[in-house]
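This briefing goes through selected features of one structure, grouped by topic. The sequence and the coordinates come first.

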Amino acid sequence: MKKQAKPKLAFFDFTDCEGCQLQIVNMGNSLLELVKLVDIVNFREAMSEASDDYDIAFVEGSISTDNDVKRIKKIREKAKVVVAFGACASIGGVNGIKNLHSLELAKKRVYGEKSDKVNTIKVMPIQEVVKVDYVINGCPPYIPEIVSVIKCLLLGKAYTVPNYAVCVECKMNENVCRYEKDEECMGPVTRAGCNSWCVNNGNRCYGCRGLVDNPASDGQKDILLKYGLKLEDVLKHFTLYNASSGDKYEQSFA
Amino acid sequence: MSKVSPKVYSKDVKVDVHYLTRVEGHGNIVVDVKNGKLTKCEFQVIESPRFFESMLVGRSIWEAQHLTSRICGICACGHSLASIKAAEAALGVEPSDEAVMLRKLLLYTEQMDSHILHIYFLVAPDLLGVKSVIPLIQTHRPVIETALRMKRMSDYAGEVLAGRHIHPISYVIGGLTQLPSREGLVKLYKMMLEARKDGEETLKVIKKLKFPKFERPTQYMSLANDTEYAMYDGDLAVNGRNKIKAKDYKKLFTETVVEHSRAKISTINNKPYAVGAISRFNNNGAKLNKKAKEAVQELGLKAPCYNPYLNTAIQLVEWVHCLEESIVIMEKILGDGLSKKTVVSSWPKRSELRKIKYKPNSGVGCVEVPRGSLFHDYTINNKGNISYANCVIPTNQNMGNLEADMRKLVPELLGKRTQAQITLDLEMLARSYDPCISCATHLLDVKFVNGLPNAHH
């Protein structure tokens, strides 16, 4: 067998804030390790060179224009491995809120009478358009999880995203439950893997990693009732990150 | 450079840079010169539109900060703070002096973070004649190590103060959800003291770089106040005059939608204006601290500065200023400790949430973020939900000014520089503004439309 060349890694961004790519820049020593193992061939935020020859595509951002659809399909054709990187790419993220209003209204609100010049379509996570091999959740992605996924990817192994609630990690971190503190929290239905990052810092969970496969809807409803919450109050929180996977939460709360 | 007859330089030039690199977001530069006459000169923002201002409508004012920090990964803290200030103005919430002090600290450290990213990773490769920072790892290793150390310090500041720098966690309406740990603060303080040396090294690097010579005086807008080099608070000043309350920003400048760009373009008195480090320096340079003034001397800068390429050098002056201001705040915090009173929950307690009586009201929050004055403007209804939102982004405000610079620069270069050189000059000009295009849609490609047959590379 020929000596293996380093796999070529490319970053692509769609509709988003580019914070996920910045997390890569912020990886510190892990980044120095990473560049020993792969060749970064496309990183527009940091490099002027661009290459069309790559093996692994890290894709951040949501699909929100016709051109985005064409572009992501091309990337899928070229890349051996496609990674949905961050909340916008993996679940639509905050961009999905746009889907709650009519597109015409959204365009008018932002661009006024010239709104007809603006090309925009329904917001979609990338796997609604192409097949995705790995998913890195979170807004922003949690660096230790980025490292875990990259390890699996380079070893050719599957990465299993935790399918239990943020509460599990939160308990391990000995946080006082937000509900006990007279607050609300998306932790009970949100996919773990972030080490309850936001709750550790005194805030609540906002659901940026998407819902677990089988959110314990009955249990969550019991909690809501126990703490005197109205379902409509909490449903609002579900749309912050998960609006473009709307059918899923409707099912859960039907 | 070989001497060539001016005739080699065609009178027809087309620049067409599709997807400008080493900027945050996607933008094109398109320039068309026919028979020596400039017919087209545009900076096109082509990022997919994000619709934040529409997304905010109907959301609770209490989630505005969380949502709008997602406008931008680089200045997420700046967006958070502008949002918090706007929400507090609309709700009538007064933050404590301590909360304001901690906000300034976060803002200063974000300025440092972004400026270092821009100076070393985005601009320096041009001035050192390479395509990215990666070859510099081999050729300029100590410089890159300095850059990484400086970046790590400000990243760590975000981590200690707000839980993380990208999309900060603990800074919310009324205060912080959690105080920074003493252990973290002690470590951060030490890193800041050590960073002084890296600042001096960076000064040496910047001093050696040759910035293109070009001048075009324009209108320079920034916050200004009587007590300090304004970053967190103040009134709006243009060329040191015309002070107007930040909440009345709509009386000062007008935003218009242009066809070639997804970003809106702003003007003051129908003329473009500049925001960012150069404007802050021109308006408030006298209020820089001692160390920053020394850096000004060292770099041979003088306010007012009319060369947009020097924005990068001024960013280093601001880095020095922000570091020294941060050190002062850190010493106060470590000496006096922080009060538990600064700790609030991210939303009102659940049992209070439904009892709050909201008055329909508007609020504007303005802060200086790395690229200039950032405005968030919200109107809330009697349920505490947002009924109107407007976010005015520095990059949009700079775009008209950048195009005006390009219109002056291109004719000055015709006959002297090849198409490839003009393209690079224009890319560097756009990069010097440090455009943030994710924000602006709320970028860059240079397009020369006619190919230059005799262009020398």
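The model is a predicted one.

**Helix α11 of chain B and its partner**

- Helix α11 of chain B covers residues 311-336.
- With 26 residues at 1.5 Å a residue, α11(B) should span 38 Å, and the 37 Å between its end C-alpha atoms agrees with that.
- Helix α9 of chain B (residues 277-284) packs against α11(B) at an angle of about 65 degrees, and the two axes are 8 Å apart.
- This crossing of α9(B) and α11(B) is left-handed.
- On the α9(B) side the contact is made by B:Ala277, B:Ile278 and B:Phe281, while α11(B) contributes B:Asn311, B:Ile314, B:Gln315, B:Val317 and B:Glu318.
- By residue class, the contact of α9(B) with α11(B) has 5 nonpolar, 2 polar and 1 charged.

**The sheet of chain A**

- Chain A has an open sheet of 5 strands in the order β2-β1-β3-β4-β5, with parallel pairing.
- Its edge strands are β2 (39-42) and β5 (134-136) of chain A, each of which pairs on one side only.
- From one strand to the next, the twist averages 25 degrees.
- Strand β1 of chain A (residues 8-13) pairs with β2(A) in the parallel sense, over 3 bridges.
- A:Ala10 stands opposite A:Asn42, a residue in β2(A).
- Helix α6 of chain A (residues 143-155) packs on the sheet, where it touches β3 (56-60), β4 (81-85) and β5 of chain A.
- The direction of α6(A) makes about 170 degrees with that of β5(A).

**Domains of chain A**

- The domain assignment divides chain A into domain 1 (8-155) and domain 2 (166-252).
- Contact between them involves 18 residues of domain 1 of chain A and 15 residues of domain 2 of chain A.
- Helix α4 of chain A (residues 87-91) supplies 3 residues, the largest share of the side of domain 1 that touches domain 2.
- That side of domain 1 of chain A divides into 10 nonpolar, 7 polar and 1 charged residues.

Notes:
Residues numbered from 1 in each chain as written. Chains lettered and ligands numbered in written order. Predicted model: local features only at pLDDT ≥ 70, side-chain atom pairs only at ≥ 80, totals over all residues. Axes fitted to C-alpha atoms, helices over the stretch in contact; angles between N-to-C directions. Helix = DSSP H or I, 4+ residues; strand = E, 2+ residues; numbered from the N terminus. Left-handed = near helix turned anticlockwise from the far one by under 90°. Contact = placed C-beta atoms within 7 Å. Nonpolar A, V, L, I, M, F, W, Y, C, P; charged D, E, K, R; others polar. Domains from an automatic or database assignment. Pairing = 2+ DSSP bridges. Expected span 1.5 Å × (residues − 1).
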